[in-house]
Amino acid sequence: MKKIYTINEIDDYMNKLTENQAQLLIEHCNKYQIKPEICAWYDNMKDFYSDWCNINDLNFTKEEVRSRFEEGKETGEFKVFANGEIVRLAY
């Protein structure tokens with residue numbers, strides 16, 4: 001049986017979600033059956049690249065990071081909002 005998450009279950013550690021984003025995130029989490037637990041928040045792709053290209057000094061290339069991002073969008077790990085903000089879900 002599929003778990004149905006609610007807005008009350010969102011773990012928004014930065015308390016940045018708007019009401020609209022919360023609704024979109026819950027729809028996303030229910031679609032992918034991922035707990036709504038945000039583990040990272042990025043302002044935009046530039047912010048995403050700056051973190052992932054330097055994470056733990058691994059120095060991923062932009063191409064590797066973009067590929068990982070696209071894969072994560074397909075699995076539901078990443079949710080991109082209309083304003084360009086990106087959240088990563090812990091799963």
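This is a chat between two colleagues about a predicted model.

Colleague: Start with the inside. Which residues have the most contacts in the largest nonpolar core?

Modeller: Leu17, Leu25 and Ile38. That core has 13 residues.

Colleague: Which elements give two or more residues to this core?

Modeller: Helix H1 (19-32), strand S1 (38-42) and strand S3 (86-89). H1 gives the largest share, four residues.

Colleague: And what does Leu25 touch?

Modeller: Leaving out residues up to four places away in sequence, Leu25 touches Ile10, Leu17, Ile38, Lys79, Phe81, Val87 and Leu89.

Colleague: Let's move to H2. Which of its residues are buried?

Modeller: Phe48, Tyr49 and Trp52. Seen down the axis of H2, they fall within an arc of 95°, so they line one face of the helix.

Colleague: What does that set pack against?

Modeller: The buried residues of H2 pack against S1, helix H3 (62-75), strand S2 (78-80) and S3.

Colleague: What happens at the start of H2?

Modeller: Asn44 reaches in there. One of its side-chain oxygens comes to within 3.1 Å of the backbone nitrogen of Lys46. Met45 belongs to H2 itself, which spans residues 45-52.

Colleague: What is Met45 in contact with, leaving aside neighbours within four places in sequence?

Modeller: Arg66, Phe69 and Ile86. Take Ile86: it is 41 residues from Met45 in sequence, yet the C-alpha atoms are 7.8 Å apart.

Colleague: Now the rings. How many aromatic pairs does the structure hold?

Modeller: Seven. One of them is Phe48 with Phe78. The ring centres are 5.3 Å apart and the planes are at 85°, so that pair is edge-to-face.

Colleague: Where do those two sit in the chain?

Modeller: Phe48 is in helix H2 and Phe78 is in strand S2, 30 residues apart. The pair links distant parts of the chain.

Colleague: Is Phe48 buried or exposed? And Phe78, buried or exposed?

Modeller: Phe48 counts as buried, at 0% relative accessibility. Phe78 is buried too, at 2%.

Colleague: Why is the pair of Trp52 and Phe78 called edge-to-face?

Modeller: Because the planes are at 75°, and an angle over 60 degrees counts as edge-to-face. The centres are 6.1 Å apart. Trp52 lies in helix H2 and Phe78 in strand S2, so this pair ties together parts that are 26 residues apart in sequence. Trp52 counts as buried at 7% relative accessibility.

Colleague: Which residues form the aromatic cluster?

Modeller: Tyr42, Phe48, Trp52, Phe69 and Phe78.

Colleague: And what lies over the face of Tyr49?

Modeller: Lys62, at 4.8 Å from the ring centre.

Colleague: What does its side chain make a polar contact with?

Modeller: The side chain of Asn83, at 2.9 Å. Not counting residues up to four places away in sequence, Glu85 also touches Lys16, Gln21, Trp41, Tyr42, Asp43, Lys79 and Val80.

Colleague: What about Asn30, buried or exposed?

Modeller: Buried, at 15% relative accessibility. Asn30 lies in helix H1. Its contacts, leaving aside neighbours within four places in sequence, are Lys2, Lys3, Ile4 and Tyr5.

Colleague: Last topic, backbone angles. What phi does Asn15 have?

Modeller: A positive one of about 50°, although Asn15 is not a glycine. Most residues other than glycine have a negative phi. Asn15 lies in the segment before H1. At 68% relative accessibility, Asn15 counts as exposed.

Colleague: And what phi does Gln33 have?

Modeller: About 55°, again positive in a residue that is not a glycine. Gln33 is in the loop between H1 and S1. With 32% relative accessibility, Gln33 counts as partly exposed.

How values were computed:
Residues numbered from 1 in each chain as written. Predicted model: local features only at pLDDT ≥ 70, side-chain atom pairs only at ≥ 80, totals over all residues. Heavy atoms only, no water. Contact = heavy atoms within 4.5 Å. Core = buried A, V, L, I, M, F, W, Y, C linked by side-chain atoms within 4.5 Å. Buried < 20%, exposed > 50% of the residue type's maximum accessible area, 1.4 Å probe, protein only. Arc of directions from axis to C-beta. Polar contact = N/O pair within 3.5 Å; in protein donor to acceptor, adjacent residues only side chain to side chain. Phe/Tyr/Trp six-rings, centres within 6.5 Å; stacked < 30°, edge-to-face > 60°. Lys NZ or Arg CZ within 6 Å of the ring centre and 35° of its normal.
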